[in-house]
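Hello,

Here is the structure I promised to pass on to you. Have a look at it first, and then read my notes below.

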Amino acid sequence: MKLHEYQARDLLAQNGVAVTGGRVASTPAEAKAIAAELGGKVVVKAQIHAGGRGKGRLVAQSETAHMFHKLTTDPANNSGQVKGDRVGGVRLADTPEEAEQAAAAILGRHLVSIQTGPEGKLVKNVLVAEQTDIAKEYYLAAIIDGMQGSPLIMASAEGGQEIEVVAHTNPDAIVRVPVNPSAGFEPYVGRLLAAQLGFTGEQADQFAKIALGLYNTLVATDASLVEINPLALTTDGRVVAVDAKLTIDDNALFRHKDLEALRDKDEEDPLEIKAQELGVANFIKLDGNIGCVVNGAGLAMATMDTIKLAGGEPANFLDIGTVNDPQRVVSALQVILEDPSVKAILVNIFGGMARVDIIAQGVIDAHRQLKIDVPVVMRLIGTNLAEGEKLVEESGLPLIRASGLFEAAKKAVEAAGSAA
Ligand code: GDP
Ligand code: MN
């Protein structure tokens, strides 16, 4: 689950990270009032679940795809500007009136950045925060490093809007320090990072405190990523977080009921929300036209690869898990069929603990209940295969059978092609 910047910075602040003062607003008048409280000089920032806002552009909904194309194909269009006439998602304002105008220009429009995709994102809220006089921008993040199986702190003295470029062209400019989760964040880690970024004295202490707070935020919220970019050194010598990004591991949400309220469903894919509501946990929407029902994440990956190998594109990733409940299969198919781009469905089941006959029954039930009108290819193997095949046989439904995975993928691609 992704959070908005205004939510992430609150969590960082609770864990001891220095952030600027600020609050969220949903109208220009509110933005003006907050700016007045903060002394007038503020930054007004679109709150969407995507980065690259500073270099993004605000447009009407009808213009988003065109703008996305412009930003991604011509780098000249994708140059940062937080002041001036080019209206992006981050605006500096020097008076409450300017803050009001900035909010009016941002709210209710679609922000397109290289991270939003061609649909852009509707801006419903802005963060109004104290303006920072930035002397230098740094990058600081904590992630769970799946390869190492431990948290990892990443930092760079070349932070700011070009960090992706730095990661690409000069990866050595990003320092990486793993944290042993049993030992926790030991003080030397903060000092080491501070030294590597070139901080000394008072600033090194401030930086180390922020790095510790960042790590504590990662652990406390079961985040997979917490990022501060930029972390700013101000002209008067303070180190402060100017941006914040936080993603919570969905698998840990059950133990963070308090964070559930921070969810913004408007930012999430409606199909994925529907899948969660129906108890189909591992569903990710993709851009292709072949819906996939598979048991096991590894098999789901292999199925997607095989579809591609056969010349097709999967419409989703879906792992129904080890379930012996036909209704779960019905739910999975229900979610897949909501996607209008689905032209064929591939059911690929390797029955281990899950029984092939129960899953076959689910497909048959779904076919009858949901009146499936796209071709369904079935590849079944494993526990109770004979019983499953018998059910399919006797159902009299037009289910396309395949015995091998590649054969199944080819049949699905063919079926999707002729249905399209
Ligand atoms: P992002 O583009 O979505 O990552 O949004 P950021 O919050 O990182 O803002 C983009 C850029 O705007 C930053 O890298 C800064 O250069 C600039 N910026 C943001 N807030 C301030 C501020 O308070 N003062 C100044 N001078 N620049 C800011
Ligand atoms: Mn940023």
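How far is an oxygen atom of ligand 1 from an N or O atom in the side chain of D243? The separation is 3.1 Å. Please keep in mind, as you read this and everything else below, that the model is predicted.

Strands that give two or more residues to the shell around ligand 1 are β2 (42-46), β4 (90-93), β8 (134-145) and β11 (223-234). There are 18 residues around the ligand, and K45, R53, G54, T132 and E137 come nearest. Two of these residues also have a distance worth noting. For E137, an N or O atom in the side chain is 2.5 Å from an oxygen atom of ligand 1. For G54, a backbone N or O atom lies 2.8 Å from an oxygen atom of ligand 1. By residue type, the shell holds 7 nonpolar, 7 polar and 4 charged residues.

Now for the chain as a whole. Domain 1 and domain 2 each give at least three residues to the shell around ligand 1. You will find 14 helices and 19 strands in the chain, and its C-alpha atoms fill a box of roughly 80 × 50 × 40 Å along the principal axes. The chain has 420 residues, and 51% of them count as buried. Its accessible surface comes to about 18,900 Å², with 52% of that belonging to carbon and sulfur atoms. Among contacts with a separation of 6 or more, 70% are between residues 24 or more positions apart.

Is A141 buried or exposed? A141 counts as buried, because its relative accessibility is 0%, and the cut-off for buried is under 20%. Setting aside residues up to four places away in sequence, A141 touches L152, I153, M154, L214, V226 and E227. Another residue to look for from here is A211: the two C-alpha atoms are separated by 8.4 Å, although A141 and A211 are 70 residues apart along the chain.

K121 belongs to strand β6 (residues 121-122). With 18% relative accessibility, K121 counts as buried. Beyond the residues up to four places away in sequence, K121 touches I48, H49, A50, R109, H110, L111, T116 and E267.

P314 sits in the loop between α10 (297-309) and β16 (316-319). This proline is also buried, at 3% relative accessibility. Leaving aside neighbours within four places in sequence, the contacts of P314 include L286, D287, G288, N289, I290 and C292. M304, I307 and K308 are also in contact with P314. As for F68, 246 residues away along the chain, its C-alpha atom is 24 Å from that of P314.

Finally, some notes on the backbone. Most residues other than glycine have a negative phi, and most peptide bonds are trans.

- The peptide bond from N229 to P230 is cis, with omega near 10°. P230 is found in strand β11.
- K371 has a positive phi, near 50°. This lysine is in the loop between α12 (356-370) and β18 (376-382), and is exposed, with a relative accessible area of 63%.
- N384 has a positive phi too, near 60°. N384 lies in the loop between β18 and α13 (385-395), and is partly exposed, with a relative accessible area of 24%.

I hope this helps you to find your way around.

Best wishes

Conventions:
Residues are numbered from 1 along each chain as its sequence is written. Chains are lettered from A and ligands numbered from 1 in the order in which they are written. Side-chain values use heavy atoms; hydrogens and water are left out. A residue is near a molecule or strand if one of its heavy atoms lies within 4 Å of it. A polar contact is a pair of N or O atoms within 3.5 Å; within protein, one must be able to donate a hydrogen and the other to accept it, and residues adjacent in sequence count only if both atoms are side-chain atoms. Helices (H or I, at least four residues) and strands (E, at least two) are DSSP runs, numbered from the N terminus. Ala, Val, Leu, Ile, Met, Phe, Trp, Tyr, Cys and Pro count as nonpolar, Asp, Glu, Lys and Arg as charged, and the others, Gly among them, as polar. Domain bounds come from an automatic or database domain assignment. Buried means under 20% relative accessible area, exposed over 50%, partly exposed in between (1.4 Å probe, protein chains only). Contact means heavy atoms within 4.5 Å. Accessible areas come from the Shrake-Rupley method with a 1.4 Å probe; for residues, only the protein chains shown count as cover.
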